[in-house]
Amino acid sequence: MLVHIVARGRIGRSAEADLVDRYLKRISWPTRVTELPDTGGKLPPRDPGTVVVMLDEKGEQLSSMAFAEKLGRWRDDGRREIRFLIGAADGFDDAARKDADLLFAFGKATWPHMMARAMLAEQLWRASSILAGHPYHREG
């Protein structure tokens with residue numbers, strides 16, 4: 001299962017980029033990051049069976065365990081790609097939201113998109129460690 005992060009904006013060399021790299025290197029699934037300009041640019045083609053998860057303030061707030069369970073279910077169902085979309089400063093419009101399989105929020109606060117990318121990378125590592133039975137995650 002490919003974990004593909006498609007993000008608006010360039011992360012460049014930054015503390016956030018270091019965090020993203022650190023966590024994505026720990027994940028056993030293959031990963032890819034595609035950066036698009038803040039406006040314009042085309043999303044990579046969506047193959048059949050791709051799950052699209054949009055990080056969005058109107059999304060569902062999942063616990064780390066629930067997020068891991070979703071990823072595990074998609075993995076076990078044979079999904080070839082889980083694509084995470086991170087928008088620019090103004091997020092996504094309602095038409096784009098309708099195309100997503102899941103709207104996912106990191107709480108009610110608004111996060112800069114570079115921090116959201118780092119937080120997503122950490123949650124992906126946490127989910128993969130939960131599914132592998134690794135002691136990184138501590139519930140409670």
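This is a predicted model: local features need pLDDT of at least 70, side-chain atom pairs count only at pLDDT 80 or more; totals for chains, interfaces and linings use all residues.

Guide: Residues are numbered from 1 along each chain as its sequence is written, and side-chain values use heavy atoms, with hydrogens and water left out.

Visitor: Why are helix 1 and helix 4 called roughly parallel?
Guide: Helix 1 covers residues 15-26 and helix 4 covers residues 113-132. Their packing angle is about 20°. Angles under 35 degrees count as roughly parallel, over 145 as roughly antiparallel, 65 to 115 as roughly perpendicular and the rest as oblique. Helix 1 and helix 4 are therefore roughly parallel. Their axes are 8 Å apart. Axes are lines fitted to C-alpha atoms, for helices over the stretch in contact, and angles run from 0 to 180 degrees between N-to-C directions.

Visitor: What makes up the contact between helix 1 and helix 4?
Guide: Helix 1 brings residues including Leu-19, Val-20 and Tyr-23. Helix 4 brings Ala-118, Ala-121 and Trp-125, among others. Contact means heavy atoms within 4.5 Å. By class, there are 10 nonpolar, no polar and four charged residues.

Visitor: Why are helix 2 and helix 4 called roughly perpendicular?
Guide: Helix 2, residues 64-76, packs on helix 4 at about 70°. That value falls in the perpendicular range, so the two are roughly perpendicular. Here the axes lie 9 Å apart. Among the residues that meet are Phe-67 and Leu-71 of helix 2 and Leu-124 and Ile-130 of helix 4. This contact has nine nonpolar, three polar and two charged residues.

Visitor: How do you know that Gln-123 is buried?
Guide: Buried means under 20% relative accessible area, exposed over 50%, and partly exposed in between, with a 1.4 Å probe and protein chains only. Gln-123 has 14%, so Gln-123 counts as buried. Gln-123 is part of helix 4. Beyond residues up to four places away in sequence, Gln-123 touches Ser-64, Phe-67 and Phe-106.

Visitor: Why is Met-54 called buried?
Guide: Met-54 has a relative accessible area of 1%, so Met-54 is buried. Met-54 lies in strand 3, residues 50-60. Leaving out residues up to four places away in sequence, Met-54 touches several others, including Leu-85, Phe-92 and Ala-100. The C-alpha atoms of Met-54 and Ala-100 are separated by 6.1 Å.

Visitor: What makes the link between Glu-81 and His-4 a polar contact?
Guide: A polar contact is a pair of N or O atoms within 3.5 Å; within protein, one must be able to donate a hydrogen and the other to accept it, and residues adjacent in sequence count only if both atoms are side-chain atoms. The side chains of Glu-81 and His-4 are joined at 2.9 Å. Another polar contact, of 2.8 Å, joins the side chains of Glu-81 and Arg-83.

Visitor: Are Glu-81 and His-4 buried or exposed?
Guide: Glu-81 has 6% relative accessible area, so Glu-81 is buried. His-4 has 1%, so His-4 is buried. Glu-81 sits in strand 4, residues 81-86, and His-4 in strand 1, residues 2-8. Helices (H or I, at least four residues) and strands (E, at least two) are DSSP runs, numbered from the N terminus.

Methods:
Ala, Val, Leu, Ile, Met, Phe, Trp, Tyr, Cys and Pro count as nonpolar, Asp, Glu, Lys and Arg as charged, and the others, Gly among them, as polar.
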